[in-house]
Amino acid sequence: MDFIVFYWDGAFTQHCFSKVLHFGIVGASFSSVFSLFVMVFLQFLVVKNQMISAFRVSASEIKNLIKKVIPATWSRIVRRCNIYNRNRSLISRLGVTILAVYAFGIQMLNIAKTPVYMYENAVTVFVSKSYGAKNLSKSRKIIYISLSSSILFYCILSILIFINRVTIANWFSLSKGQDLSGMLLLMLSCSFFFVFYEILKASLQAISQEKFVLKWTFIINLILFLVMILFANMGQYNFEMLYLLYALSMIILTIMMGIKFKSRMVLENK
């Protein structure tokens, strides 16, 4: 079901309305709204039973759940708004062609990242259970399996996407004259560090360290945003620099979260 929900993330409907039915920008806009409705409906089908049972939960449990969810939600909002909107606004200054290739690359990255999101959800659930049961060895094993599996699937999907980039690009109505190789390879390579960040972030959230994740995600992204604005005002930025800075932020956050998780495990063993 996760894959079905993802599949309706605009790609299929944009192709139908823009290329098949020739509706252009109006069709692309309508397809984005339509795909959101489809995703909400499919997600509702998955969680409808849980939503009904949620009304029977006690007020204290709801309060504890809200305390845990709010930092995790804000962490995701900070990352998505700061990274995607910031990159899109800056890349749009580099020209329509680069922006089009970037938009295509984002779609391909979403496909490559799909298994990562699935394992992230699994880590949040199963590590939380094992950590609550004081089974730290099981928690480490879950994280190791999730991380190694995420890396494997991300690499396989990235290689397949890169090999078939021209065919896929034609399906998305990109011009055959546009060179995708360099930009797409850079995006796939830099986003490799996202795999480590996402799994470690979920691991910390599972052991009640969501505030640490929110705090440092905000700080690192704020610093990165200010650096990008500085270079943008100086006119000394390009696509490669933006994505290398993104990779740097993922590396820094991964190291920080890895150290934090390790320190928590050492503390629990005492």
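**A chain built from helices**

Among contacts in this chain (heavy atoms within 4.5 Å) between residues at least 6 apart in sequence, 80% join residues at least 24 apart. The model is predicted: local features need pLDDT of at least 70, side-chain atom pairs count only at pLDDT 80 or more, and totals for chains, interfaces and linings use all residues. Residues are numbered from 1 along each chain as its sequence is written, and side-chain values use heavy atoms, leaving out hydrogens and water.

Start with the fold. The chain holds 11 helices and 0 strands. These are DSSP runs, numbered from the N terminus: H or I of at least four residues for helices, E of at least two for strands. The chain has 270 residues, and 39% of them are buried. Buried means under 20% relative accessible area, exposed over 50%, and partly exposed in between (1.4 Å probe, protein chains only).

Now the surface. The accessible surface is about 15100 Å² (Shrake-Rupley method, 1.4 Å probe). Carbon and sulfur atoms account for 71% of that surface. One nonpolar patch consists of F218, L222, F225, L226 and I229, with about 420 Å² of accessible area together. F225 sits in helix α10, residues 210–234. F225 is partly exposed, at 32% relative accessible area.

Finish at helix α11. Its 31 residues, 239–269, reach 45 Å from first C-alpha to last.

How values were computed:
Expected span 1.5 Å × (residues − 1). Patch = residues over 30% accessible without salt bridge, like charges linked within 9 Å, V, L, I, M, F, W, Y side chains within 5 Å. Salt bridge = Lys/Arg side-chain N within 4 Å of Asp/Glu carboxyl O.
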